[in-house]
Amino acid sequence: MSKQASEKALSRQAVSVVLLGLDGPAYRARAVAYYQEQGCHVAQVATDAGEDWQSALRQALEQVETPYVTLARDCDFILSDALEAAVEWLQGHADDKMAQGYALGFKPGNSVVTYHKVGNGVQDEVSAGPRDTIRQHAMKGLQAWRAVIRLETLQAALDSVPAELSGEGWLLGLSCALLLQGPIKVLERTAVLIECPARAADSVVREEALGQVARVLQRWGQVQQALGVDEQGFAVLRQFVRATYDAGEAPLVFTSPWKSVVDEPDREFEPRQFVELPYYNALLFRQLSKLEFFLHAWPVGQTHTQALEGTWVRQCELLQVQPNDTPDSLHERYWQALTLSLFDPRVCQRLVDTLTGEQDRDQLNELSAWLQRLERVGGVDLVRQLEQTPSGQVLQAIVAATPDAEAEQRVLTHLKKHKAPQLALVVLDLEDDDAALQRTFDSILACGVRDFRLVVLKAGVLPAITTARDTLHFIKVTADNAISHLNQVVRQLSSEWLMVLQAGDQLTTGGMLRLQVELAEAPACQAICANEVQREHDGRLVSVVRPGADLDLLRSRPDLMARHWLVRREAVLAIGGYSEASGRALEFDLLLRLVEAQGLGVLAHLDEYLVIAGKAAEPMSGDAMTTLNRHLVQLGYRGQVSEQRQGRLHIDYRHTVTPLVSILIAVEDDLASFQTCLKAIFQRTRYPRYEVVVASGSAVAATVGSALQGFGSRVRHVVAAQAESASDLWNAAAIEAKGEQLVVMSSRCQVTTPAWIEALLNHAQRPEVGVVGCSLLDSEGVIQHAGFELLAGAHVHAPWAGISTKALSTALWPEEVRSCQAVSGECLMIRRELFEHCGGLQVMAGADIDLCLRVAEAGLLVVWTPHAQVFVAALPMLDVAERASLQARWPLVFTDRRPSDFLQSLRSSEWQAIDWLAQLQ
């Protein structure tokens, strides 16, 4: 080691890096490895410190034996040369308490890092005291807590940090306290890389936090003699808070993509640069190259993981060995995997193993050196990281639902005895994408289908000359005549069932085996959908667990519900085939016409993942709206279809009748809630034709009557002297009601949406619908009820209960009108004649569920709508005995169907596979 290198090492050993523990254990593990590699001492603030940062940091400083210390977030990186420079300055300038350089923001991505401006380059002015020092730090946007600090200076500053502050505000208070300790030197160099937040903080929340911190520091400044308490001093504090609270939105300076195993990153600079900042020197760029390699080889955090998730999925698929693979095909795919990301040792090793020829020597040497460099990073398990992503969970669910070799053989043996009808797979390859087509072929060969026909409608040059008698038949088409050829294929095929796929779609083994077993039982339906996985354009996987063959979901989310249905070929011919006018809504149009011709009973659902498919290249909403409008006209509606966010379609059926609605309220003993309920109805209901019928027992009749005096004739009071339960009260109110539609409502409810009755009537007036339920929310906007699913073991499952309205964008179905087995009696609508036909509400626990099941038994739908929202503080739940009693009454409806919640559906996948396989024994 040279003398200069030895001196630098000694400088680094004179400073301890204290990790603040703000960013999670994965960040911390990487940070410890980074600083230890730099030869730095590392101390750690306890991650369970909670809000007592002062004590936690003081305990961490007890580990420090060096004269200098610097604080760091676990997600950021302090550059080693900056540590050396700061220590050297402080060793040579005894009066200075701290030294720090500038920050550079960064955002990691898939083999790319973007760098962002942090702070400002402002010339130092003569300091007349602490106020000027604080003002200068504000102008430069420097966070003083990031400085290299003398240990005793930091300990002294800790004693005066305002105790009311926490989080980022506490660090800002520490910065102020440090700047009052004495002079600080700003070094003209980049000292730290700060990871920029994934998205900007909410402006309202940020402004509120800034104001709170400024007020605390103002009070704190009143006891700090050096700051003063005048308006100018407070203005300096406000400027300091705003400039140094967090990095905020930072302008992009340059982008650094890494594309080669032999070259450095090729940096791309933005048109506007900031030459007043110390970002532009060869030493910094050399350090950035080393750091970027470390970042790419050891990805951490949600932002970086999301950027890599789709790439990891594609690499995983490219590494799978197919039955028809050759050494050349494997070599080509491994190269493709490596070009997606250079930083996966597993991919690199696979490719190295294929380089066996003399002509490969140079590439072998380059890749071997790169692999050794990756392996030196250590501590990284990319396979495990993929498993923890949503895509990884989907892949695990598919694997769990795939029978092993023994189970697969049992299925095939079963199918020899119970032969499934022949299946035709029609693959559209209008992009002439041979690689995508091969992925589809590979999945078909691997999934165990034996009796099938495969027809490829392909643009471009056909790979083989075939005939309609061949198992694999190619037909040359163009985008203009593809549907015409598809209909011709449907007429010529002899297969009983067919499915339309796009080139690149992949069939799952578990799903196809299950499908063949079910088809062997001759299902009494014309179209079958299954669950599927949709691939985002960046490769990430989205689980689409379809909650049954639901017509309402099909109408509102054709993008998620209308693709990859298995349909009977004769049923397609009977309605005239596929429509050439349907555009991108090809299957959606076909399914709606099947329903128009034969009713709801034509649709069925297979609760397995069947297809992994890419998202449509172009949105189908325009063609879907046209198709849906045609469908509504065909059914006799004058409805209006509108497009909402994320491709949702909303139907206003525009019924011609505005019936009288009777709102039935049962009052038992909570009179305060009842009065609030009644006021909410009259204050927030927009629909003009309604009445309120209140039923109470004789014990509270006088009190209820007094409470109703202010409402006049708008409310009628029914006294049910013999009532023993809420069901009795509602039944008594229903007898006196005059409306054609009844709303059963608990006195605990408060309506929140003015158009709630219109939203219920929109579906209650459909002839196929019997009951419509409301969306029940608590005061924080958290879903309490979105319909019930009745599962084996007398389990009444409430999907999406506990999800806040803000989190709905990550869930697929809770914002859609949909059919369900039952809805809550806290607020539901039912036709009077149907209520009477079903005998009203039974005197039993779970009477609302029982009513819904009797309505379904009568052949009508139970529908839940998110557009009628009602507040309820707490939803009554059935106990074990009550659920058991309900199951005894309805033994056939409590089934082993999978819950709709995404995570629960994943957990049950393995169990589902075991269950249906067990039935074959």
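The structure is a predicted model. Its protein chain has an average pLDDT of 88, and 93% of the residues score at least 70.

**Confidence**

- Within the protein chain, helix α29 (residues 756–764) has the highest confidence, with a mean pLDDT of 97.
- Confidence is lowest in helix α33 (residues 902–907), where the mean is 31.
- Over residues 898–914, pLDDT stays under 50.

**Helices α10 and α14**

- Helix α10 spans residues 282–297 and helix α14 spans residues 361–377; their axes come within 10 Å and cross at roughly 75°.
- Because angles of 65 to 115 degrees count as roughly perpendicular, α10 is roughly perpendicular to α14.
- From α10, the contact involves F293, F294 and A297. From α14, W370, R373, L374 and V377 take part.
- By class, the residues of the contact between α10 and α14 are 6 nonpolar and 1 charged, with no polar residues.

**Helices α3 and α7**

- Helix α3 (residues 53–61) packs with helix α7 (residues 167–179) at an angle of about 65°, and their axes are 11 Å apart.
- On the α3 side, the residues in contact are W53, Q54 and L57. On the α7 side, they are G167, W170, L171 and L174.
- The contact of α3 with α7 comprises 5 nonpolar and 2 polar residues, and no charged residues.

**E317 in helix α11**

- E317 is located in helix α11, which covers residues 302–319.
- The relative accessibility of E317 is 17%, so E317 counts as buried, the cut-off being under 20%.
- Beyond its neighbours within four places in sequence, E317 has contacts with Q506 and R535.
- With R535, the contact is polar and runs from side chain to side chain, at 3.0 Å.

**A82 in helix α4**

- A82 belongs to helix α4 (residues 80–92).
- With a relative accessibility of 6%, A82 counts as buried.
- Residues up to four places away in sequence aside, A82 touches R189, T190 and A191.
- A82 and V477 are 395 residues apart along the chain, and 64 Å separates their C-alpha atoms.

- H564 is not a glycine, yet its phi is positive, at about 60°.
- The loop between α22 (558–561) and β18 (566–568) contains H564.
- H564 has a relative accessibility of 3% and therefore counts as buried.
- R654, also a residue other than glycine, has a positive phi near 50°.
- R654 sits in the loop between β21 (649–652) and β22 (661–667).
- At 42% relative accessibility, R654 counts as partly exposed, because that class covers values between the 20% limit for buried and the 50% limit for exposed.

Key
Residues numbered from 1 in each chain as written. Predicted model: local features only at pLDDT ≥ 70, side-chain atom pairs only at ≥ 80, totals over all residues. Heavy atoms only, no water. Axes fitted to C-alpha atoms, helices over the stretch in contact; angles between N-to-C directions. Helix = DSSP H or I, 4+ residues; strand = E, 2+ residues; numbered from the N terminus. Parallel < 35°, antiparallel > 145°, perpendicular 65-115°, else oblique. Contact = heavy atoms within 4.5 Å. Nonpolar A, V, L, I, M, F, W, Y, C, P; charged D, E, K, R; others polar. Buried < 20%, exposed > 50% of the residue type's maximum accessible area, 1.4 Å probe, protein only. Polar contact = N/O pair within 3.5 Å; in protein donor to acceptor, adjacent residues only side chain to side chain. pLDDT = per-residue confidence, 0-100.
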